[in-house]
Amino acid sequence: MTNQVGGLTGALAEWRALLGDRRVSDEVDAAVRYGANAIGATRRIPAALRPGTREEVQELVRVAARWRVPLYPVSTGRNWGYGAANPVVDGCVVVDLSGMDRVVEFDRELGLVTVEPGVTQGGLAEFLEREGLPFLVPVHGGGPGCSLLGNAMERGYGITPHADHFGALTTLEAVLPDGSMYHGALASLGGGLVDRAFKWGVGPYLDGIFSQGGYGIVTRATFALAPVPEHLEVFFFTVPAEEGLERAVLAVREVQRRLPGLVGSTNLMNARRMLSMVAPYPSDRVPAGQTMPRELVASLAGGLQIGAWTGLGAIYGTRRTAAAARGAVKEALRGVASRSVFLSSTEASWASRVAGWLPEALRPREARYVGLLQGALQILGGRPSNVALRLAYWRGGRLPEGNTPLDPARDGCGILWYAPLVPLLPDRVRTYVGGVEATCLEHGIEPLITLTSLSDRCFDSTVPVLYDPADAAMADRARACYRALFEGGRAEGFVPYRAGIDSMGWYTGSGGPSWALAARIKRAVDPHGIIAPGRYVPTEVAGGGGEGGGT
Ligand SMILES: Cc1cc2nc3c(=O)[nH]c(=O)nc-3n(C[C@H](O)[C@H](O)[C@H](O)COP(=O)(O)OP(=O)(O)OC[C@H]3O[C@@H](n4cnc5c(N)ncnc54)[C@H](O)[C@@H]3O)c2cc1C
């Protein structure tokens, strides 16, 4: 790497003069603040910087360029399951942008919000509520403390109408590795408003290189928000037996195809994944080093009336269009689902309706379900919630007391996200599910599978490889399982849409013209590898450093 000790010392002196001592961390403080993660990675972070303005970012980048010290920008650094705030390679100074947390502009007629990197889901929700603005936060399972912009930089997604978060980003500005600014071409031509209203600009589409690519530090971005619908209705359905999966896939495809814009993404979750949300892990009934035996899964799921697969989706529309959509969803689910329930957010008796839906045997446990379903309704209704984040604590970690926000990295959880794309074809889904189950079971890791429809063509599946970091043998099995999932999936054509810091090299080292071009662009824009070396770009041609990180 380029950051010789002398370079770092000189740069630190200039950064302290620029930001003051309190906004510069030395190596010890940086390790405490930014080193924790839930994937078992270790990185040497020589320092950290906390700028408050775009101009400070420009200046600190110029210092880094002068002294050849690589930087790693994070918005809120809650990239849990992928490495949290840790850089891809050793020796990068973390640039924490969470203090830049202004909602810069809101166009209430067009539903466009321009935010700095530190604006979180929770922060935007408060802003919308305070200002009385009828728009949905593009929420996801990471919870209220995650940055909108940071999530979009990883091309993350949720299940609200604007599920694809980079898709909802219309324009951005970034500080380039020499400290100069990047803006879209429409803005440079005087079309500031159309630049915010229209995603693709004019000329080469360059905003894209800043997501999953270390070409600059994004200091601002505009997002199109979905309006609060007149009517929101959440639906759940149960696919009783494993053989029903293929037909459920066809039903999801039908719903996505027939009701675009009315039905958001639909989730299909297997029984173990559902159990992870509604029941504690039955450690005392699982032999050491193994997973829940099939009979145990069957009896726990049976007792809770959980089928082989559970579907979850939402209808957004007017009362009339929602009623028509409900009919179409029910029709698609005929013969597929043994039970389904449609719940509107406006129903005051919502919780009691859920309770009514639950079978008699479940009533004592209904509170847990109601909490889960209410959390799902909250997320689907564009309000940030911690409900999905609790998953990270199922096999390890300590849930914090009281109102302390959840933080899987700080709380000692172990989670590696495997998130491959799977075509929305029944036989491909069956092959995929079979492969994941076999691989996980072989490694003594619970196969927790979700399939989220990104369109009527493609699912993204998310499999949290959960483990207890305090159990070294389990942690080893989890890492081996993660690698085997990647390789096994790749052999079948299922490739993740996103990579963690320890697995980035599996992608960028795989060869091919796309990575070669990414590296050439990197070399041209950032010849000294100042911004996020190794992030989705092969490291050996762009700034040095070890492939896939310094562990
Ligand atoms: C239980 C659980 C559920 C989750 N559910 C979801 C989910 O539903 N959907 C989902 O997408 N994720 C999910 N996550 C993963 C993750 O927590 C989120 O994606 C989270 O939003 C990422 O962290 P962040 O927002 O703080 O982004 P950051 O960590 O700040 O950013 C992510 C990366 O983007 C780059 N970056 C960030 N900001 C900038 C910038 N300003 N300029 C240049 N590059 C930048 C950096 O490389 C950084 O490492 C989940 C995690 C857990 C544990």
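Which residues are exposed on the other side of H15? They are Ala472 and Ala491, where exposed denotes over 50% relative accessible area, buried under 20%, and partly exposed the range in between (1.4 Å probe, protein chains only). The views below show a predicted model, in which local features need pLDDT of at least 70, side-chain atom pairs count only at pLDDT 80 or more, and totals for chains, interfaces and linings use all residues. Residues are numbered from 1 along each chain as its sequence is written, and side-chain values use heavy atoms, with hydrogens and water left out.

View A. H15 comprises residues 472–491; helices (H or I, at least four residues) and strands (E, at least two) are DSSP runs, numbered from the N terminus. Its end C-alpha atoms are 29 Å apart, in agreement with the 28 Å that 20 residues should span at 1.5 Å a residue, the expected span being 1.5 Å times one less than the number of residues. Met474, Ala475, Ala478, Cys481, Tyr482, Leu485, Phe486 and Gly489 are the buried residues of H15. Viewed down the helix axis, these buried residues fall within an arc of 130°, so they line one face of H15; the arc is that of the directions from the helix axis to the C-beta atoms. An α-helix has 3.6 residues a turn, so residues three or four places apart point the same way.

**View B. Helix H8 and its buried face.** The 14 residues of H8 (residues 245–258) reach 20 Å from the first C-alpha to the last, close to the 20 Å expected at 1.5 Å a residue. Leu245, Ala248, Val249, Ala251, Val252, Val255 and Gln256 are buried in H8.

View C. Of the 30 residues around the ligand, Ser75, Thr76, Arg78, Tyr157 and Arg498 come nearest; a residue is counted as near if one of its heavy atoms lies within 4 Å. By class the shell holds 14 nonpolar, twelve polar and four charged residues. Strand S3 (71–74), helix H5 (148–153) and strand S9 (217–224) each supply at least two residues of the shell, and the largest share, four residues, comes from H5.

**View D. Polar atoms facing the ligand.** An oxygen atom of the ligand is 2.6 Å from a polar backbone atom of Arg78. A polar side-chain atom of Tyr72 lies 2.9 Å from a ligand oxygen atom, and a backbone N or O atom of Asn79 lies 3.1 Å from an oxygen atom of the ligand. The ligand taken alone exposes 960 Å², of which the protein buries 95%.

**View E. Two loop residues with positive phi.** Most residues other than glycine have a negative phi. Ala84, in the loop between S3 and strand S4 (93–96), has a phi near 55° and is buried, at 9% relative accessibility. Arg155, in the loop between H5 and strand S7 (169–175), also has a phi near 55°, but is partly exposed, with a relative accessible area of 34%.

View F. Cys413 lies in the loop between helix H13 (366–380) and strand S14 (414–418). This residue is buried, with a relative accessible area of 2%. The C-alpha atoms of Cys413 and Ala470 are separated by 9.0 Å, although the two are 57 residues apart along the chain.

Technical notes
A polar contact is a pair of N or O atoms within 3.5 Å; within protein, one must be able to donate a hydrogen and the other to accept it, and residues adjacent in sequence count only if both atoms are side-chain atoms. Accessible areas come from the Shrake-Rupley method with a 1.4 Å probe; for residues, only the protein chains shown count as cover. Ala, Val, Leu, Ile, Met, Phe, Trp, Tyr, Cys and Pro count as nonpolar, Asp, Glu, Lys and Arg as charged, and the others, Gly among them, as polar.
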